[in-house]
Amino acid sequence: MSINFSNLKNGHSTSQEIEGLTRRCNLLEEKLKVYETNNQKLLNKGMKSVVDGYVRQLDDKDEAIRNKDDKIAEYIVTIKTLEEKIKDDAKVIEEKDAIIKNLEQKLAYFTAQKKSDGNCLGIPTRETSIDAEKRNPRKDINLREHTGRKKGKQEGTPRCSMVPPAEVDEEIEILHEPESTICDACGGTMRDTGKYIEKDEYDVEVKVVKRKHLYEIYVCDDCGKEYHVPISNNLKEAAQYGNTLKSLITSLGVTGNMPVNKIAEFVSGISDDRLHISEGYICKQYKNAATALDKFFADLTEKLIHELNVFWDDTVMMTNGQRANFRFYGNDKIALYFAHETKGMDGLIEDNILTRLSKDTRVIHDHNVVNYNERFHYINVECNQHLERDLKKITLYDMDFTWAKALYDHIQNMIRKRNELVEKGITSFSPEEIDEFWKTLDEILKTGEKEDKACANPYSKVVEHPVLVRLKAYSKEYFS
């Protein structure tokens, strides 16, 4: 502490004064220290209160933060629970979407199947859906336009009449015998002119003929042995039906497709209930007629195996409630049919036709891998008409397969070009046209591979994929 002595008298200080001042200074210093100490205490006490207040506030805020952290933790748990539930729900939705998509594809498949007919599938007309219009091949190929006129003879059309026969088997004279010979017009007397009005008719009479055949017998006078004229094979029994009736029975069944029981009823009716033929006998006539054609079958088979082009196909038929096989061999000049209980190689070998064809014979067939068996040596030609049906079926089941429609149009375009060339007397395509055909075909099949890989619809792919695989493997047989 500094002390100012300028207020002392005459600038002189005595020791007493100095001591008094010193004491006073010391006292003041002590008081100042006390004040400073008290002030520091007060200051410390105030700061502590402030700090304690701040601490309490911080503690309150920490507590609030801890509460909020707890809530945040609860929210995080809730969010995680909801996220897991959302994931589970997403999986369920994904599964349901897959089921819905599968059902939609299945519905589209069966809808397309319902729309299918003989244009794209080998199904008979009788299997057409109840609510669908039956396909009429005759109507489909009838190019005449509807005129709106009624059916039958049209006005102005010349009348078509039967021509009277040159010779007649029977002549019936109908005499005019009036009750009175007096003319109604004038009252005069009528007389016979000897003239006739002629009316001819063609008719068929059913006549039951009971015919007896007498074969004369000779006997040897020396040994007694008897001889007679050889008896015909159709007269083995003491009494039997004649050849005319047998032919009628066979024709009604084979040509007229009349059921066996109806044939029996028909014969009974036209014979005035005098002939009662059993159904077993009627069936036996088919077998006898077929046996009689053995030589014809052999000659026809021999003719067929020397043809340049041979077609063959088979189908299923029902016999006594069982599935059987009905097979065709032929071309535009020959039609040869065989029947077997089952479909397979055994029947083909038994027919003995395909095995005898040469390596120069072209055999046109529906796609059947049995044709590529090592036992056969002919040239395989796959039927384009069957292929076109398959392509139409693919587009019917799934329009996304654009390659099928493109290939169908490509084939149709080449067929039109071929017909135009044939009309001009040209027998083949030019090398440039052939190269262009194969180039376009290759591009279409490449597109098909891409669309096949991209397809996720199992119902449409099961229709499309086998055809694409077959085309890649047998393009030469289809288009060469």
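Rings of Phe, Tyr and Trp count as a pair if their centres lie within 6.5 Å, the six-membered ring being used for Trp. In this predicted model, the structure holds 13 aromatic pairs.

A pair of aromatic rings is described by the distance of the centres and the angle of the planes. Two of the pairs are set out below.

| Pair | Distance of centres | Angle of planes | Class |
|---|---|---|---|
| Y372 and Y474 | 5.0 Å | 45° | tilted |
| W438 and F479 | 6.4 Å | 85° | edge-to-face |

The pair of Y372 and Y474 is tilted because its planes stand at 45°, and planes count as edge-to-face over 60 degrees and as stacked under 30. Y372 lies in the loop between β6 (362–365) and β7 (379–382), while Y474 belongs to helix α11 (residues 458–479); the pair links distant parts of the chain, 102 residues apart. Y372 is partly exposed, at a relative accessible area of 27%.

The pair of W438 and F479 links helix α10 (residues 431–454), which holds W438, to helix α11, which holds F479, across 41 residues. W438 is partly exposed, with 30% relative accessibility, whereas F479 is buried, at 14%.

Elsewhere, one aromatic cluster is formed by F296, F297, W312, Y329 and F338.

As for the whole protein, its secondary structure consists of 11 helices and seven strands. Of its 480 residues, 20% are buried. Among contacts with a separation of 6 or more, 48% join residues 24 or more positions apart.

Technical notes. Residues numbered from 1 in each chain as written. Predicted model: local features only at pLDDT ≥ 70, side-chain atom pairs only at ≥ 80, totals over all residues. Heavy atoms only, no water. Helix = DSSP H or I, 4+ residues; strand = E, 2+ residues; numbered from the N terminus. Buried < 20%, exposed > 50% of the residue type's maximum accessible area, 1.4 Å probe, protein only. Contact = heavy atoms within 4.5 Å.
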